[in-house]
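Student: I am new to this structure. Please take me through its aromatic ring pairs, one at a time.

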Amino acid sequence: MTETVRILALRVSNAYLVKGDRGFVLIDTGFRFDRARLKAELRAAGCGPDDLRLIVITHGDPDHSGNAAYLREAYGAKIAMHRTEAPAVERGDILLSRGTPPLSRRLLKPITGLFRLRRGERFTPDLFLEDGDRLDEYGLDATVRHVPGHSAGSIAVLTADGVLFSGDFLENRTRPSLATLVDDAEALEASFERVRRLDVRIVYPGHGKAFTIDEIRGCTHRSGQ
C-alpha cells in the first residue's frame with residue numbers, strides 16, 4: 001500500500017494526516033492554538049468523525065499533544081503513544097518524560113510552566129505502543145519504532161514504503177539533524193544508529209521540511225549541545 005500523506009504545517013510543529021485503506025491516522029496534533037487550522041485541514045482532507053481511526057502522539061510535549069484530548073472527544077479516535085510519555089500528558093509536565101535534569105534544565109524548570117498542557121488538555125492514552133508494534137488494525141501498513149533521546153518515550157512511525165514520521169527524534173529546524181533538545185544523548189545516538197539501518201526513503205520531522213536520511217548520515221550529537 002502507498003499511503004497518502006497530508007502535511008499539516010502548524011505554527012510551531014508539524015502534524016501528519018495519513019490516509020490508509022481503512023480511514024485516516026493522525027500523527028501528532030500541534031499546540032492548542034492550532035485547533036482551528038487542524039480542524040480545517042481534517043475537513044479539507046475529507047476526514048470526518050467516522051474516518052479518523054487513530055491519533056498517534058510521538059511524545060508528550062504540548063506542541064505535539066495539545067489537541068489530542070479534544071480530537072478524541074470530537075472524532076471518537078483512540079490516542080496511542082509510548083507508556084513512558086503517559087505521566088507527561090496526564091499531569092501536563094514535560095519533565096516527567098525526561099531523566100534527571102542536568103543543571104541547565106533545572107535552571108530552566110521555573111519557565112516550563114509556560115510549556116505545559118492545561119488541565120482540560122490532559123489525557124490518559126487509550127493504547128500504549130512499543131517498538132515493533134504494527135498499525136495494520138488501523139489501516140496503515142507501518143511499524144512503530146521506539147527512539148528515545150529527545151524524551152524517554154519518543155516514538156517514530158515507519159511505513160512499509162519507507163516513510164518515517166520522526167517526531168522530534170529527527171528534525172529540520174535549520175538543517176536535517178538529530179534532535180537539538182536532548183534528554184539522553186547516548187540514547188539519541190543509539191536510536192539513530194538503529195533507524196539508519198532501516199529502509200527509510202523520506203523523513204517527515206516534527207519540525208521543518210521533509211528530507212532524506214542520507215542528509216544526516218555521519219552526523220553525531222555531542223552531549224550538552
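Tutor: Start with burial: buried means under 20% relative accessible area, exposed over 50%, and partly exposed in between, using a 1.4 Å probe and protein chains only. This is a predicted model, in which local features need pLDDT of at least 70, side-chain atom pairs count only at pLDDT 80 or more, and totals for chains, interfaces and linings use all residues. Residues are numbered from 1 along each chain as its sequence is written, and side-chain values use heavy atoms, with hydrogens and water left out.

Now the rings. A pair of aromatic rings is described by the distance of the centres and the angle of the planes. Rings of Phe, Tyr and Trp (its six-membered ring) pair if their centres lie within 6.5 Å; planes under 30 degrees apart count as stacked, over 60 as edge-to-face, and the rest as tilted. The count here comes to 4 aromatic pairs.

Take Tyr16 and Phe165. Their ring centres are 5.3 Å apart and their planes stand at 55°, so this pair is tilted. Tyr16 sits in strand β2 (residues 14–20) and Phe165 in strand β9, so the pair ties together parts 149 residues apart in sequence. Strands (E, at least two residues) and helices (H or I, at least four) are DSSP runs, numbered from the N terminus. Phe165 has a relative accessible area of 0%, so it is buried. Tyr16 is buried too, at 3%.

Next come Phe31 and Phe33, a tilted pair with 4.9 Å centre to centre and 35° between the planes. Phe31 is buried, at 10% relative accessibility. Phe33 is partly exposed, at 39%.

Finally, back to Tyr16: ring pairs link Tyr16, Phe165 and Tyr204 into a cluster.
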